[in-house]
Structure formats: C-alpha cells, structure tokens
Amino acid sequence: MNAHRTPSLERQRRRAAWLFLLPMLVVLAGVAGWPLVRTVFFSFTDATLGTLDGFRGVGLDNYLWLMRDPVWWRAVWNTLLFTVVSVAVETALGLGIALILNAHLPGRGLLRAAVLIPWAIPTVVSAQMWGWMFHDLYGVVNAILLGIGLIAEPRAWTADPDLALPVVIAVDVWKSTPFMALLILAALQMLPRDLYEAARVDGVHPVKVFFRVTLPLIRPALMVAVLFRTLDALRVFDLMYVLTGNSRSTMSMSVYARQYLIDFQDVGYGSAAATVLVLVLAAATVLAVTLGRVRVDAGG
Amino acid sequence: MAGVTLRGVRKSFGRIEVIHGVDLEVADGEFVAFVGPSGCGKSTLLRLIAGLEEPSAGDLFIGGVRVNDRPPAARGIAMVFQSYALYPHMTAYQNMAFGLTLSRTDKRTIEERVRAAARLLRIEELLDRKPRDLSGGQRQRVAIGRAIVREPQVFLFDEPLSNLDAGLRVQMRLEIARLKADLRATMIYVTHDQVEAMTLADRIVVLNAGRVEQAGTPLELYHHPRNRFVAGFIGSPAMNALDVVSEGRADGAVRVWLPGGVPLEVPVDGAAPPAGTRLTLGVRPEHVGVTDGGAGLVATVTAVERLGGETHCHVALEDGQRLLVRRDGDRPVTAGERLRLNLRGETAHLFGPDGQRL
C-alpha cells in the first residue's frame, strides 16, 4: 500500500539520504549524545570517581546544593561578565579591523594573514605564552610598564583578584578578535560597490553610510559571529585554567564543574554543574536565535 | 538645467589609458546616448561626468561651471545604475528619500517630491515595499525615482535596461522616452544596445577603444557613418561589407567593380583613390534589392531565417563573399536558390583601406 503512495524513486532517494547521514549520526550519538545522557543521569546520583558502579539516586539534591553554593554563583557571574565584555570588545575591534582590511590598502593580503595568527595558535599555548608575559617577576608586561613609568612596582597580574579577570578577558580578546574580523570581513566583501557609489552621488556622509547602510546589511552575519563567540565564551575553560588555575576570582562554570568532577572526584555534583552549563548554553542559543530574528525583521 | 562639456578628457588606470582625449558638448535639455562595444570606455566616461572617477587630464563643465574638483553630490547630477543599486533593507520610499533626509530637506518637501516622482513613474502603490519584493522593472522605476527626487540638472543612466528581459526592456524604453519629454532635463545614457540609442537619443556618441568615433543624430549615423566601425555598429542587422576594387573617379563618384565583374558607381565626398585600390563597399541588408532577371550580382542563398515580419537571406556571391539580404516576411525563398542582387550607389558606402569613409 505504501509502495503505491510513495514512488519508488523517491523511496530510493530517502534511503540514500539516510545511508549518507548514518555515519555522522552514529558518531554524534557516540561522542556527544551518550556522554551527555550519562552526565545528566549522574547528576541525579551520588556517584564519585571511585564508585562509578555503586551509587544511589539522590533526586535533586545535587542541584539544590549547587544553588546554595556561593562559589558556583561566583563562577556564573565570572562567566557572564567574561562573555559579555569579551564578546562586546571583540565585536567592536573586529568590526574596526574588518573595515580597515576591506579598504583597498597595499599589501592587505599579508595583513589579512597576519591578523589570523592569534586565532591559529591553540588556546592552551597562547594562554601559557601570555601567562609568562604577565608573570609578576619575569614578565615582559611588567618590564614594559615599569620601563615607561606607567606603574611604580610590579603587579601580580594573574594572582591579584582585581586584575585576573581583566587579564583573562584581554587574552581572549587578543585571541578571538581575528575570528570576528574575518567573519565580518567576509560579510563586507559581499556588499555591492554600487550601493556606496549611489550614496556618494546622493551626498551621504561616510559615517552615516556606515550606520545606515553598511551596518544594517552586515547585521545577519554579525549576529551569527556574535552567537558563535557567545557560545564559545560561555563554556570557556582553558584560558582560566592555564592562566589562573582554580582561582575563585576568575573561575568559570566549566572550571567549577571540572574541579568537582576531577579534583574532588564528586561525579554526581560535578555532573549537575555541567548539566546546568548545558542548559545555560541552550537557553543562550534559543534567546540569540529568536531575538536575532525578531530584530532582523523589525529593523531590516 | 544645464549642459555638459568635456574638454580633452583623459583617464588612465595605472599605466593603461582607457579614455584618449574626449571632447564633447551636450546641450541643455539634450538626450545623448553613449554607445559602443564592451570595454570601449562609455561607462568610464559616464563615471567621470558623475565624479565617481577623476579624470587624469582635461576639464569637465556642468552648466558652465568647472566641476573637476567637486564631489559627485555637488555636481547637480543624479545617476541610475545598471544594478539599480537600491538599498536592500529600505523600502522604495526610503530608498528614494534617503539622499534628501540626510541633506536637511524638510519632511514635507521630501514627501511631496517622493510622491510626485512615484506618480510620474506609476509606482505609488509600491512605496512601502522593499526591493526584494519588487520585479526588475519596478526596481528600475524606483532607481529612476531616486534620481528624480534629487531634481538634478543632469541625469546619468548607466545601462539601465540591460538587466531586464526583452519585453520589459521595450516597455521601459518607452517609459524613459516619456520621462525625457516630461522632465526636459539633460540626460546622458550609456548603452551597448544600438536600438535603445537610436530610439531614445537626440544625439548618439559612438565610442570605440576610448575614442569618439562619431557623434550625431541617429539618422546621421545611419545614413552617413564616418567609418566602418560606426557603419557596422549602427543599424540592425549589421551593414554588409564587400571587398571591391576601385576603377577611379567618375563625376563625383567612384566606380568600383563588384565580384563577378559588375560595375557600380558610388557617390563620394572626398578624393577618389587611384584605380586598383582595394576598397570596402558597405551596403545595409535592407538596401540590397533583388531583381527578377537581367543584369545584377549573381548570388546563391545559403540560409534563410524567417522572423515573420521579415526574412533574412544569407547569400554567397560567385567569389564566395557573404551577404545578408533583408526581404519581406512571406517572400518564397529557399536555400540553394539563385538570386540576382541589385545594389544602388546612393544607398551604398565606400570605405578606404584605413576604414574611413570616402
């Protein structure tokens, strides 16, 4: 009966499509689906690293503890602050760099490649590199600032609770601005030159052209870039861990979850933190996608 | 309103000169078309007038004022782009008003001007739509409307119809002709389509490789092309070119031998070339007659193209030279048939070895 309704060519195509999708689905289920399900499962238990076989369900206890832990809330605050500030600065800087790279400068091919270098370096490596540069005794940052007289005595950049988070944000900006710049540059290069000539004939001031023409037209690409960076920033781990270890002043949600999972071997509690992090990421994605679309329709 | 004057205008990109000294006078209220093949410099010339490019040498006057150093917005011009160049995120109204809203024109004036332009272009009901919701012809109208609201002294059109399909192009051509009558503004119109130039322009400027080949009214160019390039470019289908041999001068005309030993006397203005010079005879397909018998060029029909209203006969002469003959639509003619062609000296053109008309 089904054979009558669906033409055989169509069935063949569907079968082929599923066949092509299958390897990817298996891999995804294996590396993402299964660990996620296990993490959520463990978050309702009192499992520890040593007793992964013998544990009992504790219901929502882990979550209740999490909600009552000021260190967790500090980690949430750190993560949000880090995300908002670093993504905002990266967007502004990236936009500026993209606009410069988009101008017809001599040697801009080389410039474009050079800008990409920070992005190409693995985060752990660049974090370690910056860790040395910010070192309180031998670091080049202190040497330079002392040399030009901006500070009177060496600062403990990564240890000082007031300075650590700004330092982490600065390193992230250094690393991720190229990514922003390149995504925005790609969007800029899609814009037709005619529009700018029409604006010149109309006598529109370049600054107004930027805000009234360029910005609205690259906004879809800008939103995607901001969303990517936001999701990346919300689950930040390596920068903090390499630069400041488990210090509370910079601890992110990921660092918190890892500390409980590995250092304290409390798999149940750590899983609960990790699960909340996943929920926050999901919420941010939904929020960004829906808000982004609404704004595109309202203004665009 | 104002005229446009170009004096010795040159333009180089790097070391390559693309405009080799153009002198041109466009009168106030005149519609001038720049035509020529791709890369002839017609668009560059228009962009020089607009101020989107700077001339490497020469002077540019609009309304008697030298505008070389003025930005596009201060030249009293408006431009309609080939791609329309509409802002995709703005409505038709916003597109048309954009230039005015930023030049401190008050809201009432803007509204009046946009509505008036929309009425003229019959797009009043489309003003709230964005470009992506408009058809090609409608976008073109919005683009023209944006030019109109600026109330320019000179309108510049850069191949405005080349992105439209054939039917719409004819319709928009008539619209532009109507606008020309309504606005009475100076208009400079770039196109590679000689039909557009012939039908719209008061005067046509034929450009080739950065030089003005000839400037004149459409019929001047059609009847008195100055050289082989203009002769081949103006008129559709294109003028036939036959290799002939001069026999010398005879009473204000040059006598030439056509293939097959048929003589023809063609009136010329200039001096006759010495006997034996190889010349090119230009005859338009519509000027090739067919006789029922007797004297004439013997030709064999190689292909017949029927367009309904007319028939294009491709024929080969005895020495193998090819010719296009335009005949009535229903004329019975088949490939392989032999015809006797009748050329008249008055409708033929003679070009010397250098391509210049004699």
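Modeller: Leaving out residues up to four places away in sequence, B:Ala201 touches B:Phe31, B:Val32, B:Ala33, B:Tyr189 and B:Pro218. Contact here means C-beta atoms, placed from the backbone, within 7 Å. The model is predicted: local features need pLDDT of at least 70, side-chain atom pairs count only at pLDDT 80 or more, and totals for chains, interfaces and linings use all residues. Residues are numbered from 1 along each chain as its sequence is written, while chains are lettered from A and ligands numbered from 1 in the order in which they are written.

Back to the residue. B:Ala201 sits in the loop between helix H6 (194-200) and strand E9 (203-208) of chain B. Helices (H or I, at least four residues) and strands (E, at least two) are DSSP runs, numbered from the N terminus. B:Val32 is 169 residues away along the chain, yet its C-alpha atom is 5.3 Å from that of B:Ala201. Is B:Ala201 buried or exposed? B:Ala201 counts as buried because it has 23 C-beta neighbours inside 10 Å. The cut-offs: 20 or more other C-beta atoms within 10 Å of its own make a residue buried, 12 or fewer make it exposed, and anything in between is partly exposed; C-beta atoms are placed from the backbone.

Now the chain around that loop. Chain B has 8 helices and 20 strands. Of its 358 residues, 39% are buried. Take contacts in chain B between residues at least 6 apart in sequence: 64% join residues at least 24 apart. The C-alpha atoms fill a box of roughly 75 × 45 × 35 Å along the principal axes.

Chain B is assigned domain 1 (4-233) and domain 2 (240-351). Such bounds come from an automatic or database domain assignment. The two C-alpha centres in chain B lie 39 Å apart. Contacts between them involve 4 residues of domain 1 and 5 residues of domain 2. The domain 1 side holds 2 nonpolar, 1 polar and 1 charged residue. Nonpolar means Ala, Val, Leu, Ile, Met, Phe, Trp, Tyr, Cys and Pro; charged means Asp, Glu, Lys and Arg; the others, Gly among them, are polar.

Next, the partner. Chain A puts 16 residues in contact with 17 residues of chain B. Helix H9 (193-202) and helix H10 (206-234) of chain A each supply at least two residues to that side. H9(A) gives the most, with 7 residues. By class, the chain A side divides into 8 nonpolar, 3 polar and 5 charged.

Chain A has 13 helices and 0 strands. Its radius of gyration is 25 Å, well over the 19 Å that the globule rule gives for 300 residues, so chain A is more spread out than a compact globule. That radius is taken over C-alpha atoms, and the rule is 2.2 Å times the number of residues to the power 0.38. The C-alpha trace of chain A spans about 85 × 75 × 35 Å along its principal axes. Of its 300 residues, 31% count as buried. The assignment gives domain 1 (1-30) and domain 2 (43-128 + 161-299) of chain A, with C-alpha centres 37 Å apart.

Last, confidence. pLDDT is the predictor's confidence in each residue, from 0 to 100. Chain A has a mean of 88, and 95% of its residues reach 70 or more. Residues 296-300 of chain A stay under 50, and the model has 6 contacts for them beyond four places in sequence.

How values were computed: Contact = placed C-beta atoms within 7 Å.
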